[in-house]
Amino acid sequence: MNLLGYSLPLSPSGQSSLVSSPPWYFGGDVLEIAFLANKEILQQFIPSPLKLCEDGIAAVSIVDMTSISEKEFAYDRPELTQYRECLLKILCEFEGRRGWFVPTTWVNTDFSLLRGFIQGFGKQLGQIHITKFHKMNTLIGERVIGSKIKGICEVFNSIHISLGLSISKETTDDYFKGISMFVMRHYPDIENSSQTIVQELSELQVKDYRKSEILVGEGEINIMSLNRSEWANIQPLKVISARCFSEGFTLIGGKILHKY
């Protein structure tokens, strides 16, 4: 094979791949609303052998993220280091271990979209916006107690998701601390569309996870279908957690939990 690279497109040098090889180093800001939802509906999006947690908890996270695999990328290829994402997550268990299963996410860049397919995220393109704070802006300032944050994810003629948070305090309580993230890798057979060549449940492998202070308060979430989107079937019944924080971690790959 005379063409090289971690991902398509391949090239003689391998430098034209849209996604570079892991490990990937992440750092970003997160706005997250967790809520109770109809358990029968949530179950429809959970693949066996995962089991839905008893409470029927889902969440939406909107993140403003920087990711990089080589330090030089920050200067040489900044367009491949910054993106925004909206993740739909369902709390479940695998052999007694809690984790988020992510049936779909929306991103605003092509490299994150392709990397998601490689990892097992069912990513789609969308427009994602989140309140941006800056200490040098005298009107907005930094993210502090009393700040209000809004996140929006919208896909033309498909879905509109909005999150809102009014920060009231800082906390060290973290109900979702240390849980895993489960994803589904799925690649159809190009010769037989009724078959798959890869169908496996995997768990992301992360190290050096760090989280800033957690700011919490009153939260709201709206999930609206613009054209019978299946994702809008997951409707919040009650907000149980509204928070924002910054996080950093290194994603080194995944561990296969189950092959279908």
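The structure is a predicted model, in which local features need pLDDT of at least 70, side-chain atom pairs count only at pLDDT 80 or more, and totals for chains, interfaces and linings use all residues. Residues are numbered from 1 along each chain as its sequence is written, and side-chain values use heavy atoms, with hydrogens and water left out.

The rings of Phe 26 and Phe 249 are stacked, because their centres are 4.8 Å apart and their planes lie at 10 degrees. Phe 26 and Phe 249 are both buried (under 20% relative accessible area; exposed is over 50%, partly exposed in between; 1.4 Å probe, protein chains only). Tyr 175 and Phe 176 form an edge-to-face pair, at 5.0 Å centre to centre and 80 degrees between the planes. Tyr 175 is partly exposed at 49% relative accessibility, whereas Phe 176 is buried at 7%. One aromatic cluster is formed by Phe 26, Tyr 209 and Phe 249.

Phe 176 is also among the residues that Glu 32 touches (heavy atoms within 4.5 Å). Glu 32 has a relative accessibility of 3% and therefore counts as buried. Its side chain is joined by polar contacts to Ser 61 at 3.0 Å and to Lys 89 at 2.8 Å (N or O atoms within 3.5 Å, within protein one able to donate a hydrogen and the other to accept it; residues adjacent in sequence count only if both atoms are side-chain atoms).

Terms used:
Phe/Tyr/Trp six-rings, centres within 6.5 Å; stacked < 30°, edge-to-face > 60°. Lists of a residue's contacts leave out its neighbours within four places in sequence.
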